[in-house]
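Dear colleague,

Please find below the structure that I am handing over to you. My notes on it follow directly after.

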Amino acid sequence: MDIRKIETAMRMILEAIGEDPEREGLRDTPKRVARMYEEIFHGLENDPREHLQVLFTEDHDEMVLVKDIPFYSMCEHHFLPFFGKAHVAYIPAKGKITGLSKLARVVEGYAKRPQLQERLTSQIADAIMECLQPRGVLVVVEAEHMCMTMRGVKKPGSYTTTSAVRGIFKTNNATRAEAFSLINSN
Ligand SMILES: Nc1nc2c(ncn2[C@@H]2O[C@H](COP(=O)(O)OP(=O)(O)OP(=O)(O)O)[C@@H](O)[C@H]2O)c(=O)[nH]1
Ligand SMILES: [Zn+2]
């Protein structure tokens, strides 16, 4: 990531909005913002599928669900945060399972980029399908978009839910219903 370029751009934004980039409170802001962008966009520098290369073999062919994975991402239209929870379910095939934390790392890797909620949801599902070749994957993402709450249409408290359904979750209604009921239970 080009830290210097972010600093220069941030300084220009401060000037453009009529601020004085030399005043005490703002003097280090371009540097702070550059460091912050490096952190919140670090997913651009990795391929989250790398986390799914560590596979175990275990004779388990029932559903695995990791619920309520918190995430923070950035809306690519407005460069404002959207954030919430992701729920990731899969049904292993041929005993191929992965570490539970790796599912959360995949969410994190795709969230830490300029994103759309729909793309975030399907990228998580597709990465798991590709790397684990499970019988199916179901990903649900629930998020609040700051671009809809603090500006524009200004609708605080509105949530967007997206899902990506692959394999057996698509073809088998009962399996899909079971996953949704587990996700919605407390
Ligand atoms: N589908 C989708 N839309 C998003 C997401 N994040 C933001 N948006 C929408 O992207 C759209 C951009 O619309 P534009 O009309 O180009 O931009 P705008 O004039 O700032 O739109 P308003 O937000 O309605 O003021 C808005 O409707 C946002 O709500 C997302 O993750 N998925
Ligand atoms: Zn937005």
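**Strand S3 and its partners**

Strand S3 is joined by 10 bridges to strand S6 (residues 136–145), and the two run antiparallel. Here two strands pair if DSSP finds at least two bridges between them; helices (H or I, at least four residues) and strands (E, at least two) are DSSP runs, numbered from the N terminus. Within this pairing, Val88 has Val139 in S6 as its bridge partner.

Please note that this is a predicted model, in which local features need pLDDT of at least 70 and side-chain atom pairs count only at pLDDT 80 or more, while totals for chains, interfaces and linings use all residues. Residues are numbered from 1 along each chain as its sequence is written, and chains are lettered from A and ligands numbered from 1 in the order in which they are written. The mean pLDDT (the predictor's confidence in each residue, from 0 to 100) is 96 for the chain, and 100% of its residues reach 70 or more. The scores of the model are ipTM 0.92 and pTM 0.95.

S3 also pairs with strand S2 (residues 64–75), in the antiparallel sense and over 9 bridges. In that pairing, Pro70 stands opposite Lys85 of S3. The two strands S2 and S3 form a hairpin with 5 residues between them, and Phe79 in the turn has a positive phi of about 55 degrees.

Of the 11 residues of S3, 8 are buried. A residue is called buried if 20 or more other C-beta atoms lie within 10 Å of its own, exposed if 12 or fewer, and partly exposed in between, with C-beta atoms placed from the backbone.

**Ile91**

Ile91 lies in S3 (residues 81–91) and counts as buried because it has 22 C-beta neighbours inside 10 Å. Beyond its neighbours within four places in sequence, Ile91 is in contact (C-beta atoms, placed from the backbone, within 7 Å) with Asp61, Glu62, Met63, Pro134, Arg135, Gly136 and Ile168.

**Ligand 1**

Which residues surround ligand 1? They are Cys75, His77, Leu116, Gln117, Glu118, His145, Cys147, Met148, Gly152 and Val153, where near means a C-beta atom, placed from the backbone, within 6 Å. Helix H4 (117–132) and helix H5 (146–149) are the elements that give two or more residues to this shell.

**Helix H1**

Helix H1 (residues 3–16) has 14 residues. Just after H1, Gly18 takes a positive phi of about 90 degrees.

Yours sincerely

Terms used:
Contact = placed C-beta atoms within 7 Å. Expected span 1.5 Å × (residues − 1).
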